[in-house]
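I wrote them while going through the model one topic at a time.

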Amino acid sequence: MRESVLILCRNERETILYAAEELKRYLSLAGVSAWTSVQETHSPYMKILELAVTPEEFWGKEGQCLERSPHSCQRDTAESSSHSVRRNTAESSSHSVRRNAAESPSHSVRRNVDAYAITVTDLGGSIKGSNNRSVLLGAYRYLKELGFAFLRPDREGERIPASVGPHTVNIREEASSRYRGICIEGAVSFENIMRFVTWLPKAGFNTYFTQFKIPYEFFKTWYLHTNNPYYEKEPVPSEEEVDAFVKEILVPHIKKLGLIWQAGGHGFTTGAAGLPGTGWDPMGEEKVPEERREYLAMIDGKRGLFHGVPLNTSLCCSNPLVRELLVREILHYIHGNPQLDMVHVWLADDGNNSCECGACAAKRPSDWYIEILNQVDEALSKEGSPVKVVFLAYFDLLWPPVSAKLLNPERFVFMFAPITRSYRAPLPVEETPLIPPYKRNQCRFPVNAGENMHYCSAWKQFFPGDSFLYDYHYMWNQFRDWGDYGSAEILWEDLVNLEEAGFEGYVSCQQTRVFAPTGFGMYVMAETLWNRSCTFEMLARKYFRMIYGDQAEAVLSYCKELSALSYMEQPENDNPGVCAEAVEKLKAAADLIRTYRPLFEKNFGDEKIQDRLAWKYLLYSGRAAEMYISMLKYRRLGAEDRVSEEYRKLKEYLCRTEEEWQEGFDVYWFVKDRDKKFLASDT
């Protein structure tokens with residue numbers, strides 16, 4: 001007889017109803033007869049699984065956590081390759097996570113921190129959350145305890161147990177990090193984004209940042225297939241069509257999932273100057289409206305575009321009219337997007353591009369920035385708007401203000417964006433606010449991880465309030481670490497130390513199509529943001545066992561060794577330079593790939609294997625890695641005449657195969673990032 005359950009929604013809210021439907025859908029796939037209802041039901045013949053939002057069970061009147069549970073790593077769900085029967089979780093002490101409130105940390109926990117309590121025995125019981133989103137997160141967590149897994153956005157990345165056996169799940173947890181999110185980047189299709197966003201709460205994320213007023217750039221580069229001459233061009237959506245997609249399809253879906261919607265950032269400064277600002281496309285100087293040229297930054301005595309790119313062009317922020325136009329632009333965007341939770345207010349992209357006129361030079365760029373932020377807050381406060389404003393430290397804004405102060409700190413969330421850092425070492429947590437003097441348009445931006453945090457410490461002295469780290473671990477570094485093990489470990493260290501470093505979370509500015517070779521880094525990101533107490537080694541063992549079964553140890557060894565030989569133990573960057581030791585390690589890395597290739601080919605070709613895509617990613621990325629390593633080998637030998645030749649071979653392979661592993665690797669960004677490293681300057 002089939003197991004059956006009625007999923008009862010105590011709160012008739014969109015996200016709770018969605019959670020019920022998701023439970024019904026997945027449990028049905030595992031052989032359970034499931035129904036959903038919003039009506040009070042009692043039946044001695046059917047198990048009842050209640051879903052409810054009960055913030056009073058998690059937070060006191062002042063937002064204090066009534067009972068903060070210690071995190072303990074989830075017991076591996078991949079103990080058996082079949083996943084047919086889930087072991088009774090009551091056998092494991094790791095789920096006895098309650099402790100006395102007196103043992104809890106004393107600091108205040110805000111109401112919008114995600115927390116859930118799962119109390120279920122053999123399908124009957126309850127899943128309660130501190131907010132709508134937490135109920136959905138709790139539903140997916142319950143499924144994971146039954147042997148389900150959501151490893152990638154594609155269907156093959158899911159693991160569905162054959163059946164649901166006897167079980168007791170008793171979990172009460174609060175997220176380690178308040179902000180757990182991703183920012184759109186790379187070349188993406190509409191389908192890529194919808195699948196990716198749908199996957200976010202399954203992995204445990206809680207926020208998505210669409211970036212720009214209209215994120216046109218990311219869709220344009222995909223449908224044009226920029227940088228891939230072998231991919232047939234497709235009809236390119238207009239800016240209006242992308243805007244409609246975001247407002248009419250994507251944002252309603254984000255809200256149904258209960259995710260925090262962040263938007264804006266780039267595009268406000270260009271709007272104030274009457275310039276296009278949906279991407280980094282260059283523009284002729286003659287197209288600048290003459291009546292608005294005075295709004296642009298003066299550099300070397302001239303007002304104009306910075307290196308021909310409107311988005312990288314700063315404004316003359318000492319001009320009151322410019323500040324007023326910028327504030328109007330921001331408010332117009334907020335008014336046009338009433339579902340917005342957090343708006344990012346940024347200045348121009350790039351660095352050493354600040355206005356040098358006498359009035360602007362009287363203050364740091366960050367002082368003018370704070371004045372603009374105060375004007376935005378004043379207008380929003382008059383309207384009674386609850387929208388949070390995100391401000392950042394980035395390029396020239398790494399130097400905090402000298403005189404300006406935020407007048408209403410509660411409105412703001414600080415974002416630290418160390419875009420120039422190295423990813424060969426984690427960010428330290430010690431507070432050292434000593435930074436070099438600010439020199440207008442002669443700034444040297446920090447590369448060393450420790451030096452980056454000096455700037456963050458200086459900003460923390462200015463603003464000790466709500467904040468998150470906005471970092472770029474999977475923006476371009478995956479194009480160097482083809483094993484994605486060393487990079488994932490650096491990410492893990494950064495995330496484990498978030499609280500000690502003074503951050504309440506992390507938003508990753510990264511490629512969307514980043515699941516090759518294994519997707520391990522994304523798993524590390526999601527799991528550590530929810531529960532920072534899990535060790536890196538435990539995460540690695542668990543993930544590789546879930547995805548590769550009895551071949552897990554072999555694949556893990558491959559990734560770990562490839563990452564060390566071809567990236568972590570190589571010179572800091574891929575610039576020209578002879579190194580005999582590096583050559584020997586690169587040769588060993590190439591041998592390693594050739595040794596493992598038959599295993600990858602065999603499993604990719606085995607139609608009995610459920611997740612053949614996982615093996616395809618290993619196979620295809622391994623071929624690309626071997627070419628990349630060959631190219632690096634010639635560089636370390638000093639044979640620069642061969643470097644461009646080998647790089648062109650690699651580009652051709654990536655472009656010709658992109659369609660076959662589209663969600664795993666972003667060819668557009670690889671070419672954009674690596675061309676400048678490996679093509680001769682005269683090409």
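I looked up F391 and found that it stands opposite F414 in β16. The two strands, β15 and β16 (residues 412–416), run parallel and are joined by five bridges; strands count as paired if DSSP finds at least two bridges between them, and strands (E, at least two residues) and helices (H or I, at least four) are DSSP runs numbered from the N terminus. The model is predicted, so I kept in mind that local features need pLDDT of at least 70 and side-chain atom pairs count only at pLDDT 80 or more, while totals for chains, interfaces and linings use all residues. Residues are numbered from 1 along each chain as its sequence is written, and side-chain values use heavy atoms, with hydrogens and water left out.

I then followed β15 to strand β14 (residues 342–345), with which β15 pairs in the parallel sense over three bridges; here M342 stands opposite K388. Strand β15 (residues 388–393) is largely enclosed by the rest of the structure, because five of its six residues are buried (under 20% relative accessible area with a 1.4 Å probe, protein chains only; exposed is over 50% and partly exposed lies in between).

Next I checked strand β8 (residues 168–174), which has six of its seven residues buried and is therefore largely enclosed by the rest of the structure. Its pairing with β4 is antiparallel and covers seven bridges, and I noted I171 in β8 as the bridge partner of I118.

I turned to the rings and found 64 aromatic pairs in the structure, where rings of Phe, Tyr and Trp (its six-membered ring) pair if their centres lie within 6.5 Å, with planes under 30 degrees apart called stacked, over 60 edge-to-face and the rest tilted. Y116 and W530 are stacked, because their ring centres are 4.9 Å apart and their planes stand at 10 degrees. This pair links distant parts of the chain, with Y116 in strand β4 (residues 115–121) and W530 in helix α12 (residues 520–530), 414 residues apart. Both Y116 and W530 are buried. F665 and F670 form a tilted pair, with 5.7 Å from centre to centre and 50 degrees between the planes; F665 is buried at a relative accessible area of 5%, and F670 is buried at 0%. I also recorded a cluster linked by ring pairs, including Y485, W492, F520 and Y523.

For charges over rings (NZ of Lys or CZ of Arg within 6 Å of the ring centre and within 35 degrees of the ring normal), I noted K672 over the face of W280, at 5.5 Å from the ring centre.

The largest pocket has a volume of about 960 Å³ and is lined by 35 residues, of which I419, T420, W476, D673 and K676 lie nearest its centre. Helix α18 (residues 667–678) gives the most to this lining, with six residues. I found nine cavities of 30 Å³ or more in a search of the whole structure, and the largest cavity holds about 210 Å³ of space. Of the 18 residues that line the largest cavity, S314, C317, L347, S354 and P365 are the closest to its centre.

Terms used: On a 1 Å grid over the protein atoms alone, a cavity is a set of points where a 1.4 Å probe fits but cannot get out, and a pocket is an open set with protein on both sides within 12 Å along at least five of seven lines; lining residues have an atom within 4 Å of a point. Grid points are joined across faces, edges and corners, and a volume is the space filled by probe spheres set on the points.
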